[in-house]
Amino acid sequence: MLKIFTWLADGLVFSLLGLSPQSKWGDALHFFIEDTTKIYFLLAVMIYGIALLRASLKVEWVRDFLARRHRLTGYVMGAVLGAVTPFCSCSSIPLFLGFCSAGIPLGVTLAFLLTSPLINEVAVIMLLELLGWKLTLAYIFVGLMTGMLGGALLDLLKAERWLVPEVAKVYAAAAQAQSKTTEPTLNTRLSWRERHEFAKSELFEIFERVWKWVLIGVGLGAGLHGFVPAGFFEDYLGAGQWWSVPAAVVLGIPLYSNATGVIPVMKSLLLKGMPIGTTLAFCMSTVAASFPEFILLKQVMQFKLLAWVFGFLLLAFSLIGWILNLWGPVLLK
Amino acid sequence: MKTIYVLGSGCAKCQKTAEMIASEIKNLGVEAVVEKDTSMDSLLKYQVMSTPAVVIDGKLVHSGGLPRREQILDWLKA
């Protein structure tokens with residue numbers, strides 16, 4: 001069914017504009033038109049569809065649910081819920097405070113916050129479409145693992161001593177208090193009308209946020225696709241050079257993007273021979289380790305805690321990169 | 001005289017929410033003031049987990065996302 005977008009690009013670029021499929025401009029423009037139209041279409045359909053299903057999932061429910069879990073299940077559920085709960089990074093602070101004052105272990109909250117930017121429906125749709133299901137599964141798996149292990153590690157380090165004093169006080173008080181919440185129930189009895197209203201507003205909201213990232217990402221990807229010679233990265237950044245992975249991770253930090261912008265670039269990097277582990281490490285670092293997010297979190301965390309989180313992410317992404325460079329080629333059909 | 005606070009740490013939507021309320025106050029000519037509140041204490045006090053949130057005379061009336069125009073009118077007329 002999605003062939004229609006290839007035909008559309010064929011028609012526009014080769015027939016209407018008369019560019020040759022062999023020319024650089026023709027190739028790049030074709031890539032750009034095919035991928036932007038296809039991604040916009042898929043996003044519109046999928047965001048609406050997924051939003052209908054999860055209309056009843058609210059952060060308040062997540063808080064009550066996590067507050068009643070054992071620490072270990074908490075890490076797993078924190079990461080999983082971080083992936084599926086609709087949540088914008090501008091709400092990081094109220095969410096963080098809400099979780100802390102509900103007595104949720106800090107590591108569980110961090111598992112939620114670390115996974116949230118890495119995995120979301122938009123990223124998954126784009127990975128599936130551009131890079132295939134095996135790589136998508138691998139991405140989801142390592143994303144969840146990053147969140148869970150990061151949360152567990154920070155609890156082992158007793159990271160709560162590095163909260164800012166006001167928040168530390170709230171956290172300690174909540175840990176003392178016997179939790180008296182009852183098992184939360186999801187309000188799944190929303191009418192279809194309410195679900196439709198929610199899905200519609202989600203669609204507009206997410207689209208408003210990501211449409212330009214798609215253009216930028218696919219634009220960059222198309223440029224790489226048309227103008228960088230095949231095998232370029234293989235020659236310069238081959239899997240043999242161990243340092244290429246941490247270098248890609250460090251390079252990704254100042255580049256702030258969300259998953260929507262970076263996935264089309266990934267596709268081109270891979271096509272040009274960049275090793276899979278290096279590419280994924282770069283992508284995750286761009287998405288999860290960003291300065292704007294860290295500046296926000298500075299309100300609730302002391303520098304030391306931020307540095308630990310940051311250091312953990314860098315190490316985790318490098319490890320992921322190295323491991324995938326070793327056995328990753330099987331993931332790309 | 002109503003005192004309306006918009007809670008949230010300076011996100012674009014918090015700004016927009018405050019502006020929407022201010023313009024409806026003007027339209028209706030009711031006695032009310034709207035102010036932004038970016039403090040963490042208020043978020044904790046009202047247990048707000050998604051911003052923007054709206055507090056009127058010490059009561060939380062809205063949380064998460066832009067309010068609809070009808071909602072704002074209801075708050076102001078009540």
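Okay, before anything else: what you're looking at is a predicted model.

Let's start with chain A. How many helices and strands does chain A have? The count is 16 helices and zero strands. Now, a compact globule of 333 residues would have a radius of gyration near 20 Å, and chain A comes in at 21 Å, so the two agree. As for burial, 45% of those 333 residues count as buried. And if you take contacts in chain A between residues at least 6 apart in sequence, 87% of them join residues at least 24 apart.

In chain A, have a look at Lys158. A:Lys158 isn't a glycine, yet its phi is positive, about 55°. You'll find A:Lys158 in the loop between α8 (133–156) and α9 (165–176). Is A:Lys158 buried or exposed? It has 10 other C-beta atoms within 10 Å, and 12 or fewer counts as exposed, so A:Lys158 is exposed.

Over to chain B, and the loop between α2 (40–45) and β3 (53–56). B:Gln47 sits in that loop, and B:Gln47 also has a positive phi without being a glycine, near 50°. With 16 other C-beta atoms within 10 Å, B:Gln47 is partly exposed. B:Pro52 is in the loop between α2 and β3 too, and the peptide bond joining B:Thr51 and B:Pro52 is cis, with omega about -5°.

That's my tour, thanks.

Notes: Residues numbered from 1 in each chain as written. Chains lettered and ligands numbered in written order. Predicted model: local features only at pLDDT ≥ 70, side-chain atom pairs only at ≥ 80, totals over all residues. Helix = DSSP H or I, 4+ residues; strand = E, 2+ residues; numbered from the N terminus. Rg over C-alpha atoms; globule rule 2.2 N^0.38 Å. Buried ≥ 20, exposed ≤ 12 C-beta atoms within 10 Å, placed from the backbone. Contact = placed C-beta atoms within 7 Å.
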